[in-house]
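Here's a quick briefing to get you started. Take a look at the structure first, then read on.

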Amino acid sequence: MFFEKCNDKINYKFYSIVNEFLDKKYHTAYELAKKNSVSEKTIRMRIKELNDILILNGAIINSKSKMGYQLAILNEEKFSEFNEKIERNDKKKTPTTSNERVLYVLALLLNRNEYIKLEEICDLLYVSRNTMTSILKKIDCILDVYNLSLDRRPYYGITIQGKEIDKRICIANNLQRRSGLNKENGHKQLELKIIGKIVLDMIYNHGLRISEISLDNFILHIYVSIVRVRQGFIMSIDNDKICSLIDADTLFVAKEIVSKIQEEISVNFPEQETVYLALHMEAKLSPRSGKNIASNIIISGEIDSLSLAMLDVIFGSFKIDFRNNLELRMSLNQHMVPFDIRMLYGIPLKNPLLDEIKKEYALAYTIAITACIVLKQHYKKNIPDDEIGYFAMIFELALEKKNTVIEKKNIVIVCSSGKGTTQLFMYKYKQAFGKYINNIYECTAYELVSFDFKANNIDYVFTTIPINMSVPVPVFEVNPFLEQKDIVTYSEMFKMGSNEFLKKYYSKSLFLNNINVKTKKEAIKVLCEHTKKYVELPDEFYDAVIKREDLGQTDFGNLVAIPHPFQVITKVNFVTVGILKESLWWGNNEVQVIFLIALSDEEDEDIERFYQLTTKLLFNKEHIDFLIENQKFEVMIDLLGSGSSPSE
């Protein structure tokens, strides 16, 4: 059992109270109740029962009006022996906080098949029925994630209902990853070390590839299986069905691993346990390197259809066309083979780069969330964020390759120094930005008046001196001596192009601030009604946006949501931006900034750049916070076109 019962109930009932009084100061019932997450009535009862024991062990807790309770030691030697005994029993830390109690009860229920009465659990933890109700609510939430549930029967008590495979995943994620929740920690570490060496040897011998985090997860699940088998909880699975999903060579390696484990660790694995471990291996292995293992990956028609459906949804939502990208389609298919197993059997795969992916690949992550609507409908369950992150990496690579053709820019350089300095200036820019620049023209400040920007197709002006005249392209005042940060900034600008195109999508008339609403639907309604004043919308526009909300999340954290119709139904592109007076719950996160996006059917060469800049802003917490504090259209446009922080 992950939490083993201490035979001495003094440990659970009293140690935390005794410990509070060791400073020999006065403590009120209110103070003690708050620290121990119980009622004042429970504290008073506990002190009364504790005094019956303390009086026999050289101490007593006295009460004083308006002061509280204080420990008085009557026999130093007797009390010292008593306190040492309690401390020895408390090596497996007494669950005193709310979180500790939740894990204790979760472990207690997961490690028994029979019902247990609530009164018995309350007695073990010495908490009230109300506290236990609160604990069970939290356990209900945890179990729901793993397709498990609490079954409550009058006069019998409670038990956890669900499949053994789901129970093991719940144990691995919530109990085994926390220290001190199993038997002697040293024994656990020793067995994990033995398992780890066996698995690593087999992976090396057979030329398998597996990420470090997946390897750690696989070793942990083997350990959980060993513990469960020893306790008599045997996996009940359809061996034939699972064997049809996994490669025969994977099953062979799993059998070798189990055989070696049985030699070195005292445990007897039934056949279905071996098949279960093979399933975990198949779900976590990277594409094979082909040392001894065959490298064939069987892609079913169903998986290929899912990949195609994902690409269709992306085109319908973003007007970004990957539908004829065979390389992307094959990458999705290969990723989907182990993903299919993970989804069917609820096997988790941690993504250690998830936060970085959201920040650095904002557009790809947004695309992945939308594409995963197809998978959510197919598997009839939510797709974990970690998995969405892996899909985002696949889409990011496709976006990068799609945008490798760089449209070179024409620039004008204005310098106050002589011709030699100007030539050096031009040479440095050619050297730093050669792959982005087509032509560089030199010009003095007074020559700008007659310079033909249109004929020379100029994109930018770079100047070392202030220019007091209007020119038709963006002007950048620069340092003649290029620094690394300048090279990074301007390279990104040349790559993305001018931000003037954003005016096609954003307009001041479609910007609202300080909106006072209470619900998501009310917020969407306000934005739709306002948009109708400036844009011709079909009657079903609001319903189309709500339908998309029902299909999957459009709030990605960071107080932002991007609602949009489930399909293209408008004649023009537009974004209506609304900033709420106070944030509201959108379904997955709190939201205060709303970008209502609608795209037309017309071909748009700028659509990817629009999404790149928009999603970059939406996933930048500092910029969104700044926009909420400064709710102006001009601020938003500056942030959309800025790679720097608002304070710079």
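In which order do the four strands of the open sheet come? They run β9-β11-β12-β10, with mixed pairing. Keep in mind that this is a predicted model, where local features need pLDDT of at least 70, side-chain atom pairs count only at pLDDT 80 or more, and totals for chains, interfaces and linings use all residues. Residues are numbered from 1 along each chain as its sequence is written, and side-chain values use heavy atoms, leaving out hydrogens and water.

**The sheet**
- At the edges sit β9 (506-515) and β10 (559-561), each pairing on one side only; strands (E, at least two residues) and helices (H or I, at least four) are DSSP runs numbered from the N terminus, and two strands pair if DSSP finds at least two bridges between them.
- On average, neighbouring strands here are turned by 15 degrees against each other, direction ignored.
- β9 and β11 (residues 574-585) run parallel and are joined by four bridges.
- Leu-512 has Gly-578 of β11 as its bridge partner.
- Helix α24 (residues 621-629) packs on the sheet and touches β10, β11 and β12 (590-598); contact means heavy atoms within 4.5 Å.

**The helix pair**
- Helices α5 (residues 98-110) and α6 (residues 118-125) pack at about 135 degrees, their axes 12 Å apart; axes are lines fitted to C-alpha atoms, for helices over the stretch in contact, and angles run from 0 to 180 degrees between N-to-C directions.
- From α5, Arg-101, Tyr-104, Val-105, Leu-108 and Leu-109 make the contact, meeting Ile-121, Leu-124 and Leu-125 of α6.
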